[in-house]
Amino acid sequence: MKCFLCIISIKFVMSVEQRKRIIVMENDKMKKVNIVYNSSLAMFKNMLSGVINSTCDLDINTFLHINVSMQNCVSSSEELIEYIYDRPLKNNEIIYAHCLNCGLLSGIFAKWTDFSEDEINDIMISGFLIDFGLLLIPNEIVMKNVKLTDLEFLHIKGHPMKAFQFLSDKNVPDAVLKAILMHHEKCDGSGYPSKLKENQISRYAKLLSITDTYEALTSDRTYRSAKNTFEAVQIMIQEKEKYDSEMLSKILSKIALMQIGKKATLSDGKEGKIIMINPNDVSKPVLKTEQNEIINLNLKKDLSIVSCK
């Protein structure tokens, strides 16, 4: 009996040591991802600033290099999405980081929605340049943390056209220019600058619209904190008429499935592990508490997830 207990004890100690090593490895890995991301962001920011100031040319191959570098330091695309979600933003990098993140995310989302390899590259380039036009607008308007005046809002709504006009002679593919111009158009005709409807909007722009909204919702802004994944998914489902239905369904389903196994806190204070995603409403998962209570949020309309980690 004594030997048996010793064996169990040794196995337990080994298990603890293994877990410690795994934690150290994960921390080292995240340090590497941070280094690569921060150097990519600095290079990205310098290039875009140089293009605006006419001190360097726009090299779209740099965007593809950044994507490869980031993909090489994570185990999966899902891990990269989680990293982007968890990384805090500084006010002076919000626009650049949003563009960088949209470039990385749009490549992943394009793979999920069955675009070809060449199309994926064009979509990524479009994502990296998605809000280039905002860099051409006075920073005090873009970063304002109170309600914009009507004139200021008109300036903001003009950023897709500003980017299109500025980049038209910068050796940017026509499909990319069109996607940048249309990324705020909505399938129900409520977007801008031209209030186009579904069949008038390019496929690239439809995917960029989803990417743009998801990244913005799940990131901190000067006027609000980031939404958690399920809050963002719920908002986009509630506004589903604005997006390509097939693309939206595939992307949000994938994002929701990534949350299985995570710990979530509910609006009533209860905590539980996400064990299943409801196929009829992916924003309302099934949770299991430590007391083995099963909570199906699809049947608990008064409850919502306030955090998920």
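Where is the place of asparagine 145? Asparagine 145 sits in the loop between helix 6 (139–142) and helix 7 (150–157); helices (H or I, at least four residues) and strands (E, at least two) are DSSP runs, numbered from the N terminus.

Before I continue, a word on the source. This is a predicted model, in which local features need pLDDT of at least 70 and side-chain atom pairs count only at pLDDT 80 or more, while totals for chains, interfaces and linings use all residues. Residues are numbered from 1 along each chain as its sequence is written, and side-chain values use heavy atoms, with hydrogens and water left out.

To return to asparagine 145: its C-alpha lies 8.5 Å from that of arginine 221, although the two are 76 residues apart in sequence. Setting aside neighbours within four places in sequence, asparagine 145 is in contact with Thr222 and Tyr223, where contact means heavy atoms within 4.5 Å.

I turn now to helices 3 and 4. The axes of helix 3 (residues 77–86) and helix 4 (residues 94–112) come within 11 Å and cross at roughly 145°. Those axes are lines fitted to C-alpha atoms, for helices over the stretch in contact, with angles running from 0 to 180 degrees between N-to-C directions. From helix 3, Ser77, Glu78, Leu80, Ile81 and Ile84 meet Asn101, Leu104, Leu105, Ile108, Phe109 and Trp112 of helix 4.

Two backbone details deserve mention. Serine 54, in the loop between helix 1 and helix 2 (61–72), has a positive phi of about 60° although it is not a glycine. The peptide bond from tyrosine 192 to proline 193 is cis, with omega near 10°, and proline 193 is found in the loop between helix 9 (174–182) and helix 10 (203–217).
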